[in-house]
Amino acid sequence: MSEAELPSILQLTPLNPDYQADPHKLLDPLRAQCPVRKDPVSGSVVLSRYNDVRAIVSDRSLWRDPINAEEGAMLQRGTANLQTDQPRAETISILHLDDPDHARIRQPLSQALYARVAKFRGEVERIVDEALDRIPEGEPFDLMSLFCVPIPIDVIASILGVDHDRLVEFRAWSEGSILGLNPFRTEEQTAQMEWASAQLSAYFLKTIAERRVAPGDDLISDMVKLQGEGAPLSDEELRINLGALLVGGNLTTTDLIGNGVYLLLKNPGELAKLKADPGLINATVEEILRVEGPVDITGRIASSPLEIGGCPVAPKQSITTFLRAANHDPEVFEDPHSFNISRKHKPHVAFGGGAHICIGAPLARLEAQVALPRLFARFPNLRLAEPDAQMEWRKLPFFRGLETLMLVA
Ligand code: HEM
């Protein structure tokens, strides 16, 4: 492929049928021929080598807030609020904030979230078993809608202490707010997202006030308690970041579980290894994250002149780190496209890195580590309903998950 023929970032999305069918047919030549590439369409510098991606996501001196990027930084600016009439921390979540606000808000949130996750295995098991009870035996069913979609939403609802009678509404708001992840969403989708986000905001602000008066055993009460003990965090900042847990966590974990089941069914030898040695489950989840991670990219913005792989990068330049390409770099992972759960561990970058590394990683891992073994134990003969059918991947740019996964139990 000549340089001009290499794919632009807009072709590296599931809207392109070739990318949807096999992302690596496009990513491999990009990494081999032009691993540090100024994208001709978006203007972003796209990194596809593992070592470059890892170095950039780990570099805490870089910026994240798209407002600091050059005007044309379409990928970064498309997903974040650029309003400047309010403090940034009351406009955007930690996903896009820079220090000192980022550290100020992330610290208490991660402290409370990690403590909750550490004691949540039993509750995740209960939620997974409830989802398993809905699966019919002997007839084709869609694992995504019956299992992979509801589990993360119900888990986060339980962590946040959402009342049981609000769960149906909460699920609808969570699904609507996810539309914010799509930089190319339609006007109709934008309206749906705004409606869902407004409902969630009102719900969170009301619940924060209620928990301040009557604390419960949930993350919102934990956060209100930390505020009371001096954590410098306003209710508005808390509300925005509770929303970020839903937007960042639901679809991604849905896809981790869905992609995992699909990979295991397509690789029966690996599934047999896991069944024979259940202790391999953590390694299995890491290999799923590497081979078929739910998130394609993350971004940073140069805060000073940089050199990446010998190429100069100017301040304010937006940088796109292609996590999926990095996780299949043959320089780092032998036979990179094969799914091998006993692969010698090398850390993948599916959760990004550095200051912004996914705050929900321990929760996502826990959900997959519980959901996968329980599914295969309950339904030992689980199989693809149509083993040779072409899979349909969701057409959401920069995310990879199945539209449906038809199975027979
Ligand atoms: C398999 C599931 C998941 C994947 C693959 C994933 C992936 C990512 C990635 C790539 C980032 C950006 C990291 C960076 O720029 O270095 C991120 C950030 C984030 N994720 Fe996740 N995520 C997952 C699950 C979750 C869950 C369960 C939650 C919430 C409970 C969550 C909440 C967030 C938040 C709030 C951020 C922003 C963190 C920050 O910028 O400080 N994610 N995630």
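Q: Which residues have the most contacts inside the largest nonpolar core?
A: This is a predicted model, in which local features need pLDDT of at least 70 and side-chain atom pairs count only at pLDDT 80 or more, while totals for chains, interfaces and linings use all residues. Residues are numbered from 1 along each chain as its sequence is written, and side-chain values use heavy atoms, with hydrogens and water left out. A nonpolar core is a set of buried Ala, Val, Leu, Ile, Met, Phe, Trp, Tyr and Cys residues joined through side-chain atoms within 4.5 Å, where buried means under 20% relative accessible area, exposed over 50% and partly exposed in between (1.4 Å probe, protein chains only). The largest core has 86 residues, and those with the most contacts inside it are L143, F147, L160, F170 and L405.

Q: Which helix gives the most to this core?
A: Helices (H or I, at least four residues) and strands (E, at least two) are DSSP runs, numbered from the N terminus. With 11 residues, the element that gives the most to this core is α12.

Q: Which residues does L143 touch, leaving out those up to four places away in sequence?
A: Contact here means heavy atoms within 4.5 Å. With residues up to four places away not counted, L143 touches I135, C148, V261, L375, L405 and L407.

Q: How many residues does the second, separate core have?
A: L47, A302, V313 and A326 are included in this second core. Its number of residues is 17.

Q: Which backbone oxygen does the side chain of T254 reach?
A: T254 is found in helix α12, residues 235-266, and is buried, with a relative accessible area of 4%. Leaving aside neighbours within four places in sequence, T254 is in contact with M144, C148, V149 and P152. At 2.8 Å, the side chain of T254 reaches the backbone oxygen of C148.

Q: How many residues of helix α8 are buried?
A: Helix α8 covers residues 150-160 and is mostly covered. Its buried residues include P150, D154 and L160. Of the 11 residues in α8, the number buried is 10.

Q: What is the phi of G161, which follows α8?
A: G161 comes after helix α8. Its phi is positive, near 80°.

Q: How many places apart in sequence are the parts that E286 and R365 tie together?
A: A salt bridge is a side-chain nitrogen of Lys or Arg within 4 Å of a carboxyl oxygen of Asp or Glu. E286 and R365 form one, with the closest N and O atoms 2.8 Å apart. Because E286 lies in helix α14 (residues 281-292) and R365 in helix α16 (residues 361-378), the pair ties together parts whose separation in residues is 79.

Q: Is R343, the salt-bridge partner of E287, buried or exposed?
A: The side chains of E287 and R343 meet at 2.9 Å, N to O. E287 is in helix α14 and R343 in the loop between α15 (323-326) and α16, 56 residues apart. With a relative accessible area of 18%, R343 is buried.

Q: Which residues are linked with R400 in a network of salt bridges?
A: R400 forms a salt bridge with E292, the closest N and O atoms being 2.9 Å apart. R400 is in the loop between β8 (383-384) and β9 (406-408), 108 residues from E292 in helix α14. In the network, R400 is linked with E292, D296 and R324.

Q: Which residue gives the iron atom of the ligand its single donor from the protein?
A: Donors are N, O and S atoms within 2.8 Å of the metal (3.2 Å for Na, K and Ca), and water is not among the atoms, so sites may look incomplete. The single protein donor is an SG atom 2.3 Å away, in a residue found in the loop between α15 and α16. That residue is C358.

Methods: A polar contact is a pair of N or O atoms within 3.5 Å; within protein, one must be able to donate a hydrogen and the other to accept it, and residues adjacent in sequence count only if both atoms are side-chain atoms.
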